[in-house]
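Here is a guided walk through one protein model. Keep the coordinates open as you read.

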Amino acid sequence: MTINLSQLKELMSPLTQLCQREREVDLKGIKVVIKHLTPKEELDVQKLLPELEGSSAVEFADVFRRETLSRSIVQVGDLDLRDLKEIETGETLSNGQAVKVSKEEAVVQVMDNWSKYVLAKLFEQYGLLSEEIEKGLDESLKINIEDREAEKEQLKARIENLEVSEKLENLENNEKEVP
């Protein structure tokens, strides 16, 4: 049997669609739609993370959150960003050509004006979206939850994630209090 790449993609598209989910978040009446990142987008985020040795935990967390959200936000209000690759800056070159930046870079520039609390809430919703996908996969695979050891490990991992989030929030709050 011989197949081409297009056929393979079509055959495997149901697997791809398992993780293609979106979540609408309401921030005081402002509708923001976030999507779950693809593995390629996750890899792009990882490549942009600062080295742990040369940066603070807060800086690392800020970059991770910012880069994840810049790829995850697909709609704000009625503005649909899904099919955009580049966004014009409003500037033009001497030859009259419009200056453009990547959608992610443009979103990062806009997010630079948002409070850390808005970013934290959106990132929290991204985490919940990831959990929904994981839970849905678990249910679809009919994983036997009776396995107490597996359930304990999942709960421990969830607790660790919550503790890390809590520590990062505390670090951010402590940095703000230092004059």
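Start at Arg 66, which is partly exposed with a relative accessible area of 26%. Buried here means under 20% relative accessible area, exposed means over 50%, and partly exposed lies in between (1.4 Å probe, protein chains only). The side chain of Arg 66 meets that of Glu 67 in a salt bridge, at 3.6 Å from N to O. A salt bridge is a side-chain nitrogen of Lys or Arg within 4 Å of a carboxyl oxygen of Asp or Glu. Glu 67 counts as buried, at 10% relative accessibility.

This is a predicted model: local features need pLDDT of at least 70, side-chain atom pairs count only at pLDDT 80 or more, and totals for chains, interfaces and linings use all residues. Residues are numbered from 1 along each chain as its sequence is written, and side-chain values use heavy atoms, with hydrogens and water left out.

Now the overall layout. The protein has six helices and six strands. Helices (H or I, at least four residues) and strands (E, at least two) are DSSP runs, numbered from the N terminus. Along the sequence the pattern reads α-β-β-α-α-β-β-β-β-α-α-α. The C-alpha trace spans about 65 × 60 × 40 Å along its principal axes. Of the 179 residues, 23% count as buried.

Four strands form an open sheet in the order 1-2-3-4, with antiparallel pairing. Strand 1 (22–27) and strand 4 (79–80) stand at the edges with a single partner strand each, so one side of each has no neighbour in the sheet. Two strands pair if DSSP finds at least two bridges between them. Strand 1 and strand 2 (residues 30–35) pair over six bridges, and Val 25 stands opposite Val 32. Three bridges join strand 2 to strand 3, where Val 33 faces Gln 75. Strand 3 (residues 73–76) pairs with strand 4 over two bridges. Here Gln 75 stands opposite Asp 80.

Strands 1 and 2 form a hairpin with two residues between them. Look at Lys 28 in that turn. Lys 28 has a positive phi of about 50°, although it is not a glycine. At 85% relative accessibility, Lys 28 counts as exposed.

Back to charges. The count comes to 13 salt bridges. One of them joins Arg 82 and Glu 22 at 2.8 Å, N to O. This pair links distant parts of the chain: Arg 82 lies in the loop between strand 4 and strand 5 (86–92), Glu 22 in strand 1, 60 residues apart. Arg 82 also forms a salt bridge with Asp 80, the closest N and O atoms being 3.0 Å apart. Arg 82 is partly exposed at 30%, as is Glu 22 at 41%. Asp 80 is partly exposed too, with a relative accessible area of 41%.

Finally, the largest pocket. A pocket is an open set of points on a 1 Å grid over the protein atoms alone, where a 1.4 Å probe fits, with protein on both sides within 12 Å along at least five of seven lines; lining residues have an atom within 4 Å of a point. Its volume is about 1,500 Å³, taken as the space filled by probe spheres set on the points, which are joined across faces, edges and corners. Of its 42 lining residues, the closest to the centre include Gly 127, Leu 128 and Glu 131. Helix 5 gives the most to the lining, with 15 residues.
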